[in-house]
Amino acid sequence: AGAMKAQAATEAMVDCHDVQEGDVGLCMNSIRWARDEGYPKHPDWYHGLTPATASLADWQMFAWNTTHPTCPRPCSAKWDVNWCESPAAPELWAPKLPEDPTTVRVLSYNLFWWNLFNMRGGRSAENLIKATSTPEPYDVIGLQECEDPDKVFKPVGMDRVYSAFLGSRAVCVAYRTDKWKLLDNGEDEVAMDMRTEFYGHRVAQWVRLNHKENGMTMLFVNHHGPLSVNSGGACGGQSTAHNLLKVMAKRGQPGDLLVLAGDFNANAASQTVQSLWPHLLHVYNSPSFGGVDNIFANIPRDAVQQANDLGSGGSDHHAIEVVLRFPVAALSKATTPIGLEPGTAVTALENAMGSDGCLLEPKQLYVYAETAWAVYKTNIVDPRVCCNACQGTAGCTAWVWEEWNAGVKGPLCSLRQGQPLRIDRKTSAVSGLPNGAAVKSALAKSSGS
């Protein structure tokens, strides 16, 4: 343990590393296997590479530039984690509502498309949406992992009730056409996945609507959040939350009812959800994956008439709905958000399994004294695994993962205890909390929301 601590302490604040032929460890093992075994058997897996002409840097780039990399970032590769950083949140507004009582029904549902629709036909999800659309249809629906809205609505005749839009990142928005008029729609990029679980950029898909009878306006935003769960993606949870709020401020107009819904890939442990609490009411969340499906709005708690878990309908997520009601009397005075949320969100977090209960903070390096308690684990290429190791180690209350540590010549997972001396910025590092510590942090922050 002493030798490992001495090795780890030699790490410099570098964010890349170029491997050499004589190196040992996971990266060179992956490269050697790709050159010697993978390519001869499956050359189609290695587009643009051939052992005869590809350099070691080319192979390292290939091993890093995947959804689950086994190599550190080569120093020649540019990795922009600044475009989505957003340290400041915009000011939003209270909704301007009509004098007549109005209800708004909202549905959020991750459809588990590759499995539920591609493999099983999707009928159970279609039936769930149809069955819960009566007697009163939803006003707006946000679907995640949705690749074709026609396949969701047409087979059960709901295309006559809803008009739907497909976004660029497998997200769909639908609205009730007999009640609402479309004013505008679109999407904005707000985040991107972490490099260790990378599938691309993430968007906020939105529609702005006008109530046909009373003139009320609403901006509805549908979001499928970045991976890994509870990281907020490569730019972190606070930036993702602030970017979502900026979409609302930019695409909405003062007086609009603002509703944000989706599978955030973030629950109450995350900086994403916690950074939204001061700005919007957390209306409801599901139990799925510790509470990653969420609905927020710019309303007082008194406006929430119903909040329901509708079950999975065959998906790996639960569909959730809320019913908002706006009597003028309830909005004539300031009200304090009370009731189910964020308490329900923290309860869901307490029941999270594995790394879904962890807090992940990308680009953050928790720094401890050299004499502080520590357990080091090598050859861990995913920060979620590092957090799971912390959760399985008595005394661990925090953890630090580095993509490349010069002392151990590979990835390093450091299990820690107590508060860090400071937090440094390091692009290739991720730090965080195990579930127990994350719950305590969420409870403290939720009490002030």
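I take buried to mean under 20% relative accessible area. The model I am reading is a predicted one.

**Entry 1: Glu 126**

I looked up Glu 126 and found it in helix H5, residues 123-132. Is Glu 126 buried or exposed? Its relative accessibility is 3%, so I count Glu 126 as buried.

I then listed its neighbours, leaving out residues up to four places away in sequence. Glu 126 touches Phe 117, Gly 121, Lys 151, Val 152, Pro 155, Val 156 and Met 158. I also noted a polar contact of 2.7 Å between the side chains of Glu 126 and Arg 123.

I checked the separation from Gly 407, which is 281 residues from Glu 126 along the chain. The two C-alpha atoms are 54 Å apart.

**Entry 2: the largest cavity**

I searched the whole structure for cavities of 30 Å³ or more and got two. The largest has a volume of about 200 Å³. It is lined by 17 residues, and closest to its centre are Trp 79, Arg 195, Glu 403, Thr 427 and Ser 428.

Which strand gives the most to this lining? I found that S17 does, with four residues. Strands S13 (359-367), S15 (398-405) and S17 (422-433) each supply at least two. By class I recorded nine nonpolar, three polar and five charged residues in the lining of the largest cavity.

**Entry 3: the second largest cavity**

The second largest cavity holds about 130 Å³ of space. I noted 19 lining residues, with Thr 70, Cys 71, Pro 72, Glu 403 and Pro 411 nearest its centre. Helix H2 (26-41), S15 and strand S16 (410-416) each supply at least two residues of this lining. Its residues divide into 12 nonpolar, four polar and three charged.

Notes. Residues numbered from 1 in each chain as written. Predicted model: local features only at pLDDT ≥ 70, side-chain atom pairs only at ≥ 80, totals over all residues. Heavy atoms only, no water. Buried < 20%, exposed > 50% of the residue type's maximum accessible area, 1.4 Å probe, protein only. Contact = heavy atoms within 4.5 Å. Polar contact = N/O pair within 3.5 Å; in protein donor to acceptor, adjacent residues only side chain to side chain. 1 Å grid on protein atoms, 1.4 Å probe; cavity = no way out; pocket = protein on both sides within 12 Å on 5 of 7 lines; lining within 4 Å. Points joined across faces, edges and corners; volume = space filled by probe spheres on them. Nonpolar A, V, L, I, M, F, W, Y, C, P; charged D, E, K, R; others polar.
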